[in-house]
Amino acid sequence: MQDDYIQEPITETSLSLYFKQRLSEYARRLRPPPHEDTCWYIGSMLERFGRTDHLFAYDNGQYGLRPLALLYGDALEARNEHERCLILQQLGDMALFLGALFPERFTRRGIQQDYVAGMGGSAYDYLADNARRNRHIFAELSHMFTRMLEMVASACTQDRHMGTEDIIALYQHWLDTGDPLAESRLRGLGIALSSSERMH
């Protein structure tokens with residue numbers, strides 16, 4: 001089952017599948033291992049946040065990352081249940097993405113991992129009871145949030161060639177410019193690309 005944010009990979013060598021394969025390698029080390037659907041979800045999330053327009057929000061005349069606490073406030077003020085679930089999904093996904101790959105962003109502000117895990121886990125817990133789709137995925141993300149942080153960090157930071165931050169930056173550069181050198185480097189990592197991906 002797919003929710004509003006997720007799309008099935010168009011090709012079997014998409015960026016989403018690249019991340020999903022890396023996640024699956026590390027997921028097998030966990031007991032019990034996460035459900036395959038959960039690895040697909042996280043892989044899709046990593047691909048989505050690889051596009052800066054999905055990660056950053058335009059607020060007060062500039063682009064930036066909306067703090068988790070403000071997203072939580074947005075969810076409380078949502079006009080209806082569907083909107084609340086979409087905002088909480090964004091909150092949970094951002095907590096997982098940033099907490100796993102950019103933990104220094106929080107530590108510089110004196111924010112402990114427990115806060116990030118609490119915000120993300122609580123958002124997913126609400127979705128496990130109220131989302132229209134993928135409740136089993138959100139339940140697993142909620143109950144295993146800290147372990148998911150570790151899995152994402154391990155799967156994405158030990159690439160033999162490049163770290164995830166570099167891969168995402170390279171992918172965004174290719175999306176923005178069509179740079180053939182960037183495309184070649186991405187293909188060298190096993191990520192097949194098509195011109196339709198750049199139409200966004």
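A: A disulfide here is a pair of cysteine sulfur atoms within 2.5 Å. By that rule, the count is zero disulfides. The model is predicted, so to speak of local features pLDDT must be at least 70, side-chain atom pairs count only at pLDDT 80 or more, and totals for chains, interfaces and linings use all residues. Residues are numbered from 1 along each chain as its sequence is written, and side-chain values use heavy atoms, with hydrogens and water left out.

Q: Is cysteine 39 buried or exposed?
A: Cysteine 39 has a relative accessible area of 2%, and buried means under 20%, exposed over 50% and partly exposed in between, with a 1.4 Å probe and protein chains only. Cysteine 39 is therefore buried.

Q: And cysteine 85, buried or exposed?
A: Buried as well, because cysteine 85 has 9% relative accessibility.

Q: What does alanine 131 touch, leaving aside neighbours within four places in sequence?
A: Cys85, Tyr126 and Phe138, where contact means heavy atoms within 4.5 Å. Alanine 131 and cysteine 85 are 46 residues apart in sequence, yet 6.1 Å apart in space, C-alpha to C-alpha.

Q: Where does alanine 131 lie?
A: In the loop between α7 and α8; helices are DSSP runs of H or I with at least four residues, numbered from the N terminus. Alanine 131 counts as buried because its relative accessibility is 6%.

Q: How do α7 and α8 cross?
A: The axes of α7 (residues 113-130) and α8 (residues 135-143) come within 7 Å and cross at roughly 150 degrees. Axes are lines fitted to C-alpha atoms over the stretch in contact, and angles run from 0 to 180 degrees between N-to-C directions. So α7 is roughly antiparallel to α8, a label for angles over 145 degrees. The crossing is left-handed, that is, the near helix is turned anticlockwise from the far one by less than a right angle.

Q: Which residues meet there?
A: Among them are Gly121, Tyr124 and Leu127 in α7, and Arg135, Phe138 and Leu141 in α8.

Q: Switching to α4 and α5: at what angle do they cross?
A: Roughly 165 degrees, with the axes of α4 (residues 68-76) and α5 (residues 81-101) coming within 8 Å. That makes α4 roughly antiparallel to α5. This crossing is left-handed.

Q: Which residues make the contact?
A: On α4, Leu68, Leu71, Tyr72, Asp74, Ala75 and Leu76; on α5, Arg84, Ile87, Leu88, Gln90, Leu91, Met94 and Ala95.

Technical notes. Helix = DSSP H or I, 4+ residues; strand = E, 2+ residues; numbered from the N terminus. Parallel < 35°, antiparallel > 145°, perpendicular 65-115°, else oblique.
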